[in-house]
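Hi,

Here is the structure I promised to send over. Have a look at it first, and then read my notes below.

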Amino acid sequence: MAHPSDAAQSAASDFVSLRFTGQAGEYFRIWIVNICLSIATLGIYSAWAKVRRKRYFYGNTLLGDSAFEYLADPKAILKGRIVVVGGFAIYSLVGRINPMAGLAMALVFLGVLPWLIVRASRFNAVNSAHRNVRFDFRAGYGEMARLLTLPIVLVPLTLGLLYPYYAYRKRRFFLEHSTYGTTPFAFDASAGAYYLVYLKSALMFVVFLAGSVVTLGVGALPFYIWFAAYRDGALARLTWKSTRLGGLRFDCGWKTGGLFKLYLVNSLGVIFSAGLLSPWAAVRTARYQLKRISLRPGGEIGAFLAAAQEQVGAVGDEASDLLGFDFGL
Amino acid sequence: MTQFRALYYDGKTSQQREVLVWAEPSGRLRVSGDGVDFGCRIAEVRPSPRVGNTARHLQFPDGSQCETGDNDAVDAVFAALPSQAPGRLIHSWESRYGYALFALALTAAALWAGITYGIPALAKQVAAVLPPSTERALGRDALAALDRVLLAPSKLPPARREKMRALFSHMVSGIEGADGYRLELRAGKRLGANALALPSGEIVVTDQLVELAEKDDELVAVLAHEIGHLRQRHGLRRLLQDSATVLLIAAVTGDLSSIASLASALPAILLQAKYSRDFESEADEFAFDYMKRHGIPPESLGAILLRMDKRRGAATDIPDYLSTHPATRERAERSRAAR
């Protein structure tokens, strides 16, 4: 049923931008209280801190007049953290006492890695919602293990030449196994387009190296930031423009120049404030990036169906936090 | 009576409806408007916690939800629910700059205490538990690497070398736990007059340093300093402290994105320099103690350190906080005071 209160529907053919309404001062206070309480509770509060931080960023991200919602239970995150830290401590200890047993544990870890990544992605997805409809991610152990042979075996074997192909396959894998409610995401970029972006980024890296040498190292930071801005912008534009959700199409307007200014000012601010301006930098980044992601409703934005939910543990999510994976959407 | 506007989602589709929500005196919450009209007990509704000024989501038992930006009204409706108390307390801490500054001061104090006392004490404890084989594994290839790049075989006359070895073995035989340490004499090339202790138990002394010494006492002082590094397991403790520092900084600046995290390398470098200076002072203390017990004037250490500086043309303009060694003048003064 069409509904007049649907803001997005009245402009069905136009692109609607995301908005970010967070404020640096407000987030600074949340950030510092998070750190302070995490220290005071010897890390226990850090699970609640993570939820508050994510709730702040999700809740300030608006599509139309409706905010995103982060729903993870801090207690599940705390449990996940305890399991992961405990497992890591046992592994380090065993590895010192008996290197062979340590090696065996590393192999076991490699075996559960696909499962961990699936669980992590799932945990993140089902705890993200918009308009009371949750996202989801479902993938089998076998297909994830096959994807992981790329970065673990094939990319090193080809001296990195397969990396753009892996980046392409990874993005495609995660989008095609993700849903909003019952509606699956789709991805129609080509591997060739990824190779082109990485090739141009590699040229920018050469420019960075040359620029650093010519300016005797003084220009290294700005040249590096220019390279990073180019790479991030080109990748994000390619990825978002190739993403579909049902009839929805996405667009991304990140510009190299804009990202360069953003990253440069952020870095200088964070360096010269000894880290105190990092909440300000995080808010600025979210504002720039989200404002420039838009979507064009191909159908009715109010017509997505929700799916039946089940709960997912946070062990995978916490393991990926600790190990610094970045497999999010 | 508190009343507020909200967006209603039934939880089955993403369709949005505008509704009015209000609390009835009977303790029920009413949701009404746009084809929706129902009520349920306030105690059964789960409101999301208040974080900054983000919109609140009220979850109803049937899976439907209301979203509203009217935070004060939501707080008023659910004020009586005990489950809301902790969230309200945290939000009030996050709402005032005064509290934020207090949190900042507490955090700074905790970080300072952790860095100055916590991490070094912890590293000492952990190092005491780890077997000596850990260090041997750490420094196994260090000497070979140094030989390739910075050092050449010693060109001292054999008699001088023999005398150094005798001096060294006499020293280690008198120090508990030092019997595995070995003296390695080398020509220093670019390293100049210098001595270093490798975690694997090798103490490297350059020809230039041996020649620079005016008395054997000065060589004993330098060797005692290097043995101090090894006895106090500075190599392992430095590794532990540096890793802990990186972890701590990562924990504090955890939600930094890409480039900004580069900036966190700076405090790590400063801290590692500070720890290095602390280890130097600790090794100096060990040397003073050894010398006093063996009737050697402690100022011998200061004398040879000053001469090393002079020979090197002393890069004295490195600011103290960047330097890996305490200022030589200070070390010399302490060596005189140690007597």
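**Where the two chains meet**

Let me start with the charged pairs: between chain A and chain B the count is 1 salt bridge. Please keep in mind while you read that this is a predicted model.

Which side chains make that bridge between the chains? They belong to Arg52(A) and Glu94(B), with N and O 2.8 Å apart. Beyond that, the search for polar contacts across the interface of chain A and chain B turns up 14 residue pairs, with both partners at pLDDT 80 or more.

If you want to trace the chain A side on screen, several elements each supply at least two of its residues: helix 2 (24–40), helix 3 (46–59), strand 3 (66–70), helix 9 (220–241), helix 10 (256–272) and helix 11 (278–291). Helix 2 of chain A gives the largest share of that side, 14 residues. Sorted by class, the side of chain A that touches chain B has 30 nonpolar, 12 polar and 10 charged residues.

As for how much is covered, chain A and chain B bury about 4200 Å² between them, and 61% of this lies on carbon and sulfur atoms. Three residues stand out on the chain A side: Arg29(A), Arg52(A) and Asn132(A) provide 17% of the area that chain A buries against chain B, more than any other three residues. Arg52(A) is also the chain A partner in the salt bridge to Glu94(B). In terms of residues, 52 from chain A and 51 from chain B take part in the contact.

**Salt bridges elsewhere**

Over all chains, the whole structure has 26 salt bridges. Here are some to click on.

Arg122(A) pairs with Asp136(A), and their closest N and O atoms are 2.9 Å apart. Arg122(A) sits in helix 5 (residues 99–126) of chain A and Asp136(A) in strand 5 (residues 133–137), so the bridge ties together parts that are 14 residues apart in sequence. Buried or exposed? Both Arg122(A) and Asp136(A) are buried.

Arg231(A) and Asp232(A) also bridge through their side chains, at 3.1 Å from N to O. Here Arg231(A) is partly exposed, at 26% relative accessibility, whereas Asp232(A) is buried at 18%.

Over in chain B, the side chains of Arg307(B) and Glu214(B) form a salt bridge at 3.3 Å, N to O. Arg307(B) belongs to helix 11 (residues 299–312) of chain B, while Glu214(B) is in the loop between helix 7 (207–212) and helix 8 (216–231), so this pair ties together parts that are 93 residues apart in sequence. Arg307(B) is buried, with 18% relative accessible area, but Glu214(B) is exposed at 61%.

Also in chain B, take a look at Arg50(B), Arg56(B), Asp72(B) and Asp75(B), which are linked in a network of salt bridges.

**Two leucines with a positive phi**

Last, a bit of backbone geometry. Leu42(A) is not a glycine, yet its phi is positive, at about 55°. You will find Leu42(A) in the loop between helix 2 and helix 3 of chain A, and it is exposed, at 80% relative accessible area.

Leu159(A) likewise has a positive phi of about 55° without being a glycine. Its place is the loop between helix 6 (141–157) and helix 7 (163–176) of chain A, and at 78% relative accessibility Leu159(A) counts as exposed.

Cheers

Terms used:
Residues numbered from 1 in each chain as written. Chains lettered and ligands numbered in written order. Predicted model: local features only at pLDDT ≥ 70, side-chain atom pairs only at ≥ 80, totals over all residues. Heavy atoms only, no water. Contact = heavy atoms within 4.5 Å. Buried area = accessible area lost by both parts, 1.4 Å probe. Salt bridge = Lys/Arg side-chain N within 4 Å of Asp/Glu carboxyl O. Polar contact = N/O pair within 3.5 Å; in protein donor to acceptor, adjacent residues only side chain to side chain. Helix = DSSP H or I, 4+ residues; strand = E, 2+ residues; numbered from the N terminus. Nonpolar A, V, L, I, M, F, W, Y, C, P; charged D, E, K, R; others polar. Buried < 20%, exposed > 50% of the residue type's maximum accessible area, 1.4 Å probe, protein only.
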